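This report goes through one model, shown below with its sequence.

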Amino acid sequence: MEVKEQLSNVTAPSVHLLGKRIPAKPLNKAAIVTRLTLFILAALTVYAFYSFDYKELDFMDALLGTFANLKTIFLEPHLKHFSFGHALYQVMVTLGLAFLTTLFGAIIAVLFGLMAAENLSSRRVSIVIKSMVAFIRAVPTVLWVLIFAVAAGLGSTAAVIGMTFHSIGYLIKAYSESFEELDRGVIEALQASGANWWQIVFQAVIPSSITYMISWTFLRFEINFAVAVAMGAAAGAGGIGFDMFMASSFYLDMREIGAITYFILAVAVILEIFAAKIKRKLKTV
Amino acid sequence: MQADIFAKKKRNTLAFLLLLGALTILAMIITEYNVLKGFTSIPKAIQWGMANFYPTAESLEKLPVILDKLQETLLVSIAATTAAAVFALLFSIFGSNTTRVNAFFGAITRGIATVFRNIDVAAWALILLFSFGQSALTGYFALFFGSFGFLTRAFTETIDEVSGGSVEALKATGAGYFSIIFQSVIPSSIPQLISWILFMIETNIRSATLIGLLTGSGIGFTFNLYYKSLAYDTASLVVVVIIAAILLIEYASNYVRKVIL
C-alpha cells in the first residue's frame with residue numbers, strides 16, 4: 001500500500017512532464033528560413049505553371065508525341081547527312097574547343113586566383129578580383145561568345161575567347177578557395193625563413209593544393225565539353241553541336257539527332273569515368 | 001639518390017608540358033582557332049563595347065517588355081528546378097548506398113541519372129523542340145531533364161555523406177524503412193539539399209538564356225532578336241537585366257546558405 005502510494009508519487013510528475021512535451025526540433029532561425037525557402041519555391045512553382053504561355057499547346061498530345069519522338073530518336077538512330085568519320089572528327093573539334101578554353105582559363109586563373117586568395121594578397125585586391133569574378137560569372141557564356149563574335153566574327157575564335165572568359169571566372173573562384181585553405185602557419189614559417197612571394201607560391205601553396213586544382217580543372221573540362229556543344233549549336237562555333245543544330249532546325253531529322261546524342265553521351269560518359277579514375281589516383285597519392 | 005628523384009620529377013614535368021603543348025597545337029589546328037585573331041579581338045571587343053554596347057534612353061522604353069520576358073525565364077528555371085528536385089530526391093534515396101532498397105535497383109536509378117546528366121540541356125532543348133515547338137514548355141522540360149540528372153548525383157552524394165551512421169543506428173533500434181527516411185535521412189540532409197537546389201536555380205537561369213536562344217522563347221530570344229537586328233543598345237540592356245537578376249538571386253541564396261548551413 002505504501003509502496004503503491006510512493007509509486008504514484010513518482011509517476012505523477014513524469015505524467016506532468018509528458019503533457020508538456022519538449023519539441024524535438026526547436027523553431028530557430030535556421031528552421032524558419034528552411035521552411036520559408038521551401039514554401040517560396042513551391043509557391044513560385046505553382047505560379048509558374050499557372051502563368052506559362054502554352055501557346056494553345058495540347059499538353060497530353062505533346063507529351064505522347066514526345067514519347068513517340070524519343071522512341072524514334074533513341075531506338076532508330078542513323079546518319080544521313082554525314083558519315084561516321086565526319087561525326088567523329090566533329091566530336092574531336094568540340095573536344096578541342098573544350099581543351100583550349102580549359103587550358104587558357106586555367107593558366108590565367110592560376111595568376112588571378114593567387115591574387116584573389118586573401119592569405120596571399122591584400123584584402124583590397126582580393127575584393128576587387130572577387131567582384132569581377134562575380135560579374136563575369138553572372139553573364140551567361142553564350143552572351144560572352146556573341147559579344148566577342150561582333151569583334152572577331154562568328155566562329156571558333158570568338159567561341160574560344162568567350163568560353164575562356166567564363167572558365168576563368170569559375171576557376172578563379174575554385175582555385176582561390178583551395179589556396180585559402182592553406183594553413184596560415186606554413187606561409188608565416190616560410191616568410192620568417194626569408195622566402196619571397198614566388199617561392200612561397202611554388203614551394204608551399206601550389207604543391208599543397210595541386211590535387212584540388214587538378215580535379216576542379218578536369219571538372220571544368222567536362223563542363224566545357226557540354227558548353228562547346230551548346231556553343232556549336234547557338235553561336236556557330238562548329239563541332240558536333242553545329243551538326244545537331246542543323247539536324248534539329250534545318251533537316252528536321254530526328255534519327256540523326258539520336259545518333260549525334262549517342263556520340264555526345266559516349267564522350268561525356270568516358271570523360272566522367274576518366275575523372276573518377278583521376279580522383280581516385282589523386283586520393284591515394 | 002635524392003638527385004635522381006629531382007631529375008625524375010623534372011623529366012616528368014617536362015614530358016607533361018610537352019604533351020600539353022602538342023595537344024594545344026593539335027586542338028588549334030582542328031578547331032581552326034586563330035591565335036593572333038584571338039588576342040587582338042579582346043581589345044577590339046572592349047573598344048567596340050565602350051562605343052556601342054550600353055543602354056541608351058531609347059532602349060529604356062523596351063524595359064517593360066524585357067522585364068516581362070525575364071520573369072518568364074526566372075519562373076521557368078525555378079519551376080523546372082523544384083520539380084526536378086522532387087524526382088531527384090526520390091531517385092537519390094533509391095540510388096544512395098545507405099538508403100537503397102537493394103543493389104540492383106540502386107544501380108538502375110543511378111544509371112538513369114547518368115544518362116540524363118550527360119545529355120546537355122542544349123541537346124535536350126533541340127530534342128524537345130520537335131514536340132513542344134516554340135513554347136515555354138520546351139525550355140521547361142530541357143531544364144527539368146538536365147537538373148534532374150545533376151541533382152540526383154548531388155543528392156545521392158549528400159545522403160551518402162550525411163546519413164551513414166544514423167541509418168545504421170536507427171536500423172539497430174528496429175525502425176522501419178520509412179521512419180528512417182523521414183525522421184533521419186531527410187531532416188539531416190535538408191540544408192545541403194536546399195543549397196544544391198539554390199545552386200541549380202542559378203545555373204538554370206544562365207542555361208535558360210541559352211535555351212531561349214535555341215528554341216525562341218524567354219529572355220534569350222529577346223536578346224537574340226535585338227542582337228541580330230543590330231540594336232546593340234537594347235541588347236546590352238537585356239544583358240544588364242540578366243546580370244542584375246543573377247546577382248540578386250546569388251545574394252539571396254548566399255544569405256539562405258549562411259543561415260541554414
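The text that follows covers confidence, domains and the contact between the chains.

**Confidence**

The structure is a predicted model. The model as a whole has an ipTM of 0.81 and a pTM of 0.82. For chain B the average pLDDT is 85, and 99% of the residues reach at least 70. Within chain B, the element with the highest mean pLDDT is helix α3 of chain B (residues 63-95), at 90. At the other end, helix α2 of chain B (residues 35-52) has the lowest mean pLDDT of the elements of that chain, 78.

**Domains**

Chain A is split into domain 1 and domain 2, and the assignment of chain B also gives a domain 1 and a domain 2.

**Contact between the chains**

How many residues does the contact take from chain A and from chain B? Chain A supplies 65 residues and chain B supplies 59 residues. On the side of chain B that touches chain A, helix α5 of chain B (residues 121-132) gives the most, with nine residues. By residue class, this side of chain B consists of 42 nonpolar, 12 polar and five charged residues.

How values were computed:
Residues numbered from 1 in each chain as written. Chains lettered and ligands numbered in written order. Predicted model: local features only at pLDDT ≥ 70, side-chain atom pairs only at ≥ 80, totals over all residues. Domains from an automatic or database assignment. pLDDT = per-residue confidence, 0-100. Helix = DSSP H or I, 4+ residues; strand = E, 2+ residues; numbered from the N terminus. Contact = placed C-beta atoms within 7 Å. Nonpolar A, V, L, I, M, F, W, Y, C, P; charged D, E, K, R; others polar.
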